[in-house]
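Welcome, and please open your viewer with a cartoon view ready.

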Amino acid sequence: MAKIIREEGYMEQIEPFRITKVPLRELNAMMQQVVEWFVALETHHARLMEAIRRLQVCSDALNAFIFRDKGDGVQKLQEADQRRTEAWRLLRAYVKAMQGHPDEAVASAAREAYQQITARGNVAALSQPERSTNLHILTKWLEEQEEVCRLLALEVWLVRLQVHSATYDAYDHAVSQQQGAQEPGKAMQLRLQLEQAYRTVCLQINAAAIYESDGHFSDLISQLNALQREHTRVRKFRQSMKENREDEKNGPEGGEDEKIT
């Protein structure tokens, strides 16, 4: 018993996470990613392996439901996503080149803008929902940097990115509404099953980590916690933006994070 208590004090655990607050399409992308991590995990724990298989089945079912419609709406959504991604690439290339401008004020502004553009990594390699969040954060920052935009003559670049992002958002909303109308309740059912399957896997991993002292799960737990923290950060950013748009009509978000242990 003493050995277990000591390991509980030092062994890293998967942190509480409000999975119910993650938007459906982002949840789908997140689970597609973590399932790959889980499947690659080498473990002899039979209950954990069974929980991972269950999560994979639930994740595949939700993914198939979301992307089952390959009609005109989805095609337009994909094209809009490509256009906004290309607008981001061209903006990044332009700002990167402007870092070598002979006017130090312009070069300094370019370095500041380029740091913001690259801070979130390669946006083109992210899932569509994650790309939306990162592009919204970037455009919001650029909108607030009047002097940077003036020095770099960024208005036309920013407007193009805003237009293509807004077009994507419109198609994304339309597709989501169409899918929800076709099978009301189905998405919620699949989501609830997926959320429960994820919680079960996390419980099994935390339990296994307590009873093993070789750090076998440490890297995976660190990856999961980092991913969960990023989703929490994005959720709070969006909540802050919503409150600003509604002119402080809504109170601060309350409640505690859901516990998975």
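This is a predicted model: local features need pLDDT of at least 70, side-chain atom pairs count only at pLDDT 80 or more; totals for chains, interfaces and linings use all residues.

**Stop 1: helix α4.** Select residues 72–98, which form α4, a helix of 27 residues. From first C-alpha to last it reaches 39 Å, close to the 39 Å expected at 1.5 Å a residue. Now show side chains: the buried residues of α4 include Asp 81 and Arg 84, along with Leu 77, Trp 88 and Tyr 94.

**Stop 2: α4 against α5.** Which residues meet here? From α4 come Trp 88, Leu 91, Arg 92, Val 95, Lys 96 and Met 98, and from α5 come Val 106, Ala 107, Ala 110, Ala 113, Tyr 114 and Ile 117. Colour them by class and you will find ten nonpolar, no polar and two charged residues.

**Stop 3: the largest nonpolar core.** Select Met 31, Phe 38, Leu 55, Tyr 198 and Ile 205, the residues with the most contacts inside this core of 35 residues. Helices α2, α3, α9 and α10 each supply at least two of its residues, and α9 gives the largest share, ten.

Zoom in on Leu 55. Beyond its neighbours within four places in sequence, Leu 55 is in contact with Met 31, Val 35, Phe 38, Leu 194, Ala 197, Tyr 198 and Val 201.

**Stop 4: a separate core.** Finally, select Val 95, Ile 117, Leu 142 and Leu 154, which are among the 23 residues of another core, apart from the largest one.

Notes. Residues are numbered from 1 along each chain as its sequence is written. Side-chain values use heavy atoms; hydrogens and water are left out. Helices (H or I, at least four residues) and strands (E, at least two) are DSSP runs, numbered from the N terminus. The expected span of a helix is 1.5 Å times one less than its number of residues. Buried means under 20% relative accessible area, exposed over 50%, partly exposed in between (1.4 Å probe, protein chains only). Contact means heavy atoms within 4.5 Å. Ala, Val, Leu, Ile, Met, Phe, Trp, Tyr, Cys and Pro count as nonpolar, Asp, Glu, Lys and Arg as charged, and the others, Gly among them, as polar. A nonpolar core is a set of buried Ala, Val, Leu, Ile, Met, Phe, Trp, Tyr and Cys residues joined through side-chain atoms within 4.5 Å.
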